[in-house]
Amino acid sequence: MAPVKNRKTKRKKEANHSMIVLDNVSKTYATGSPALDNVSLEIRKGEFVFIVGDSGSGKSTLIKLLLRELLPTSGKITVNGQDVAKLKRRQVPYFRRNLGIVFQDFRLLKDRNVYENVAFAQRIVLTPTKLIRKNVPAVLATVGLAGKYKAKPRQLSGGEQQRVAVARALINEPPILLADEPTGNLDPKNSWEIMKLLEKINEEKGTTILVVTHNREIVNAMQKRVITMKKGVIVSDEEKGGYIDED
Ligand code: ADP
Ligand code: MG
């Protein structure tokens, strides 16, 4: 495994600082053995990282720790310069503005149209309406949904619904985007389109992106950094990596 500081990078030096750092992080739920077991990891600004591993290996636990939905049992987690354990409860909503999040099951508001689903994320952070009217069409164009503003989620394909979820995750311009199995409910064509969209956002906006996935073909083709987890431990961390076959 190459040490992080030796990795080749075209990025500018000042843009290359750590966005996510885990220092000997363990998480044990009240029931059972550690879901994460002494994990250390650094992700720099502008990286695109896949997290792969068997079901139960701790991937979603890692995402929940980054979101500060959970606190580690031990160890330190720093996200965007912030020690998450030191956040006071009232600071958590502000902290989460740094994190766009996309889930396997889209989690759209079913009774609202596409525009409202995305605009909602701006209303809760009190963005002026005038700006919302400018920002929502722009982000919908980015995800390839210009012209679908008025559709309700049930009128959209799974791929389109996931694009709405990506737009919603991006509208407040978070420096970090986390996606937990974003293509888990999509067919191969839509899976590719969503991953290519995430890659485009990473390249064009410099958003730091972490994608948990089981999609072996896409991981092998995209040649990104791949972190492989097994039973709560990082068993490999490769630049331009691939999916490691289980034995
Ligand atoms: P993955 O996302 O890789 O499938 P998870 O992070 O969801 O893995 O789970 C890691 C381990 O932690 C598993 O053994 C799982 O059963 C356990 N686990 C996850 N969530 C909870 C919970 N809320 N309470 C108890 N155990 C949990
Ligand atoms: Mg999971």
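Predicted model: local features only at pLDDT ≥ 70, side-chain atom pairs only at ≥ 80, totals over all residues.
Biologist: Before we start, what should I know about the numbering and the pLDDT limits?
Modeller: Residues are numbered from 1 along each chain as its sequence is written, chains are lettered from A and ligands numbered from 1 in the order in which they are written.

Biologist: What kind of pair do the rings of Phe48 and Phe50 form?
Modeller: Rings of Phe, Tyr and Trp (its six-membered ring) pair if their centres lie within 6.5 Å; planes under 30 degrees apart are stacked, over 60 edge-to-face, and the rest tilted. Two aromatic pairs come out of this rule. For Phe48 and Phe50 the centres are 5.2 Å apart and the planes stand at 75°, so the pair is edge-to-face.

Biologist: Which residue lies over the face of Phe48?
Modeller: A charge sits over a ring if NZ of Lys or CZ of Arg is within 6 Å of the ring centre and within 35 degrees of the ring normal. Lys27 does this for Tyr29, at 5.7 Å from the ring centre. Over Phe48, at 5.2 Å from the ring centre, lies Lys224.

Biologist: Is Tyr149 buried or exposed, or partly exposed?
Modeller: Buried means under 20% relative accessible area, exposed over 50%, and partly exposed in between (1.4 Å probe, protein chains only). Tyr149 pairs with Tyr115, their centres 6.3 Å apart and their planes at 50°, so that pair is tilted. Tyr115 is buried at 17%. Tyr149, with a relative accessible area of 28%, is partly exposed.

Biologist: How many residues apart are Tyr115 and Tyr149?
Modeller: Helices (H or I, at least four residues) and strands (E, at least two) are DSSP runs, numbered from the N terminus. Tyr115 belongs to helix α3 (residues 114-123), and Tyr149 to the loop between α4 (129-142) and α5 (158-170). The pair thus links distant parts of the chain, 34 residues apart.

Biologist: How are α3 and α4 oriented to each other?
Modeller: Axes are lines fitted to C-alpha atoms, for helices over the stretch in contact, and angles run from 0 to 180 degrees between N-to-C directions. The axes of α3 and α4 come within 10 Å and cross at roughly 125°. Angles under 35 degrees count as roughly parallel, over 145 as roughly antiparallel, 65 to 115 as roughly perpendicular and the rest as oblique. The two helices, α3 and α4, are therefore oblique.

Biologist: How many residues of α3 are buried?
Modeller: Among the buried residues are Val114, Tyr115 and Val118, and these three also meet α4 (contact means heavy atoms within 4.5 Å). The cover over the buried residues includes α4 and α5. Of the 10 residues in α3, the buried ones number seven.

Biologist: What is the angle between α5 and α6?
Modeller: Residues of α5, including Gly159 and Leu170, meet residues of α6 (188-205). The axes lie 10 Å apart, and the helices pack at an angle of about 20°.

Biologist: Where is Glu181, with its positive phi?
Modeller: Phi of Glu181 is near 50°, a positive value in a residue other than glycine. At 16% relative accessibility, Glu181 counts as buried. Its place is the loop between β7 (176-180) and α6.

Note on methods:
Heavy atoms only, no water.
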